[in-house]
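Have the sequence and the 3D view open side by side.

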Amino acid sequence: MAAVWLTLPSLLAFVGVSLATDHPVDFWLHVNTGRLMWETGTLAGWDHFTCTIAGSEVVNQNWLAELATYGLYRIGGFELCQFAAASCYAAAIGLSVLLAWRRSGNAHAAAWAGLAGWAMALSNFGIRPQAISTLLFAAELFVLWCNAGRWGTIAWIAVIQLIWANSHGAFVLGAMLPGIFLAAAISKHWGAGALRGALTDREVHTYLVCSLVAALAMFVNPQPSHTLDYVFNTSSLSLDRGIEEWLPTNFATLTGKAYFASIAGMLVLLGVSRRRLETVEWLLLATFLLLGAKAQRMVIWWAMIVPPIAAPRLAELLSRRRKPTAHDDEDDLAPWFVVAGLVLFVLTTFPWTRGYNPLLPADRRIARGIHEPAGAVAYLRDSGYRGNVFAPVSWGAYLTCFLYPDVKVFNDSRIESFPDDVWNDYLQIGAAEGDWNATLEKYRIDLIVWSDRLSVELLAALRRSLAWREVYDDAECAIFRRRDKSSGDPARPSPVDAAAASVRPY
């Protein structure tokens, strides 16, 4: 059963992502940008999709992942993108569990530690470039921990960091990890009072070169002058603007509950274990504990380092309790039936096969866009509308994915790209505060797509205003056009079923 236990956390990670039925907010932005790069042969380093920062330089740090996203989407649609993301997360959890097993020698301990890591990371499993980033983090941690003093480690770190620096903003962690292992290797000599020994220690040399290579590789991308600005601006602006996943981790969310429970569990485990923490373990725990507390989105990195540290202590506790039985050396067919059942279940949770899984409710068998304005997209396409649209930030990329280049939106989910004045104008209009209509005119907005789930104030103000006319509504949203530009509007249509609307990307 060892193989079953060791693969269980990975299977759960794969199944959880593979069964997700909602299109993530960021997904359409990555499809958009990847397609633009593919069709133009450029980096897409200038804004093409909005009417507020049109032509402004934007940092496209994720360009490699976005090209991959669009390539997968072009070949197999959302389902193939979902399968690829599920595979990345499963492989990342698998590497973490494998490392835990190598350090503990106990499959049960590694599996239980891996399940704890999976539970903490679960809410961060999105279908976006972070899937690649999570796999690269786990791979680098595994290489650094298992190949100390080997020069081949340097090549692995270089390749990982080159891919990472062009795929996702968490590449900074790829430079931090070798630094942590370097500090731990030097501390061995410091504690022994023989710092000079570090100068001849091959392990120190390896980690030193790895740290230098990783730091340099961060800037091997098409926009090296913006590399660090992108990372720190994204996190700080997202926090300032109240984006939920960048807020400090707290008990109000599932991620927060799992995070604080893991801290309590780790403290108990360290208290009862006779095994002392190694320096590298102390440094990893301290670093990623602080990062996890800083933002919910960073809890996933804490989840990756907990299993290999917890597993040796769990193995120690299990060895104290377990007693050999008469069946330990006997062959047993039961594990093979378990494996067969797991494989069969996993095969029926693929995005293409889950529709045939009788264990799943009907609404879990197909991918769908929760609250995406598909009916509005169909209406705007049929009416031949061209112009600037004000819509929720979470809908911006969705609208341009299906209506670009005819439609430009006010903003989209590239939070770090929009200056404070544009963001404040977005909030003012959304809340219908001050002279919101004049602000819309400043950006030449003549059409609004909005939902009462976001704010009832704007909808109420639009319905009272003589300057605007409601031309469409359905269960998801309402559309308003300026009266002075609506003389050529088609008659108000009947509501369109968003789930059945025929919508295809531009």
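In which helix is the place of Ser-18? This is a predicted model, and in it Ser-18 belongs to helix 1, which covers residues 2-18.

Ser-18 has a relative accessible area of 0%, so it counts as buried, the cut-off being under 20%. Leaving aside residues up to four places away in sequence, Ser-18 is in contact with Gln-82, Ala-86, Thr-349, Phe-350, Pro-351 and Arg-354. With one of these, Thr-349, there is also a polar contact: a polar side-chain atom of Ser-18 sits 2.6 Å from the backbone oxygen of Thr-349.

Between the C-alpha atoms of Trp-156 and Ala-139 the distance is 9.1 Å, while 17 residues separate the two in sequence.

Now to the strands. Strand 1 (residues 387-390) pairs with strand 2 (residues 407-409) in parallel, and strand 1 is also parallel to strand 3 (residues 445-450). The table gives the bridges for each pairing.

| Strand pair | Bridges and sense |
|---|---|
| Strand 1 and strand 2 | three bridges, parallel |
| Strand 1 and strand 3 | three bridges, parallel |

For individual partners, Gly-387 is bridged to Val-407 in strand 2, and Phe-390 to Ile-448 in strand 3.

How values were computed:
Residues numbered from 1 in each chain as written. Predicted model: local features only at pLDDT ≥ 70, side-chain atom pairs only at ≥ 80, totals over all residues. Heavy atoms only, no water. Helix = DSSP H or I, 4+ residues; strand = E, 2+ residues; numbered from the N terminus. Buried < 20%, exposed > 50% of the residue type's maximum accessible area, 1.4 Å probe, protein only. Polar contact = N/O pair within 3.5 Å; in protein donor to acceptor, adjacent residues only side chain to side chain. Contact = heavy atoms within 4.5 Å. Pairing = 2+ DSSP bridges.
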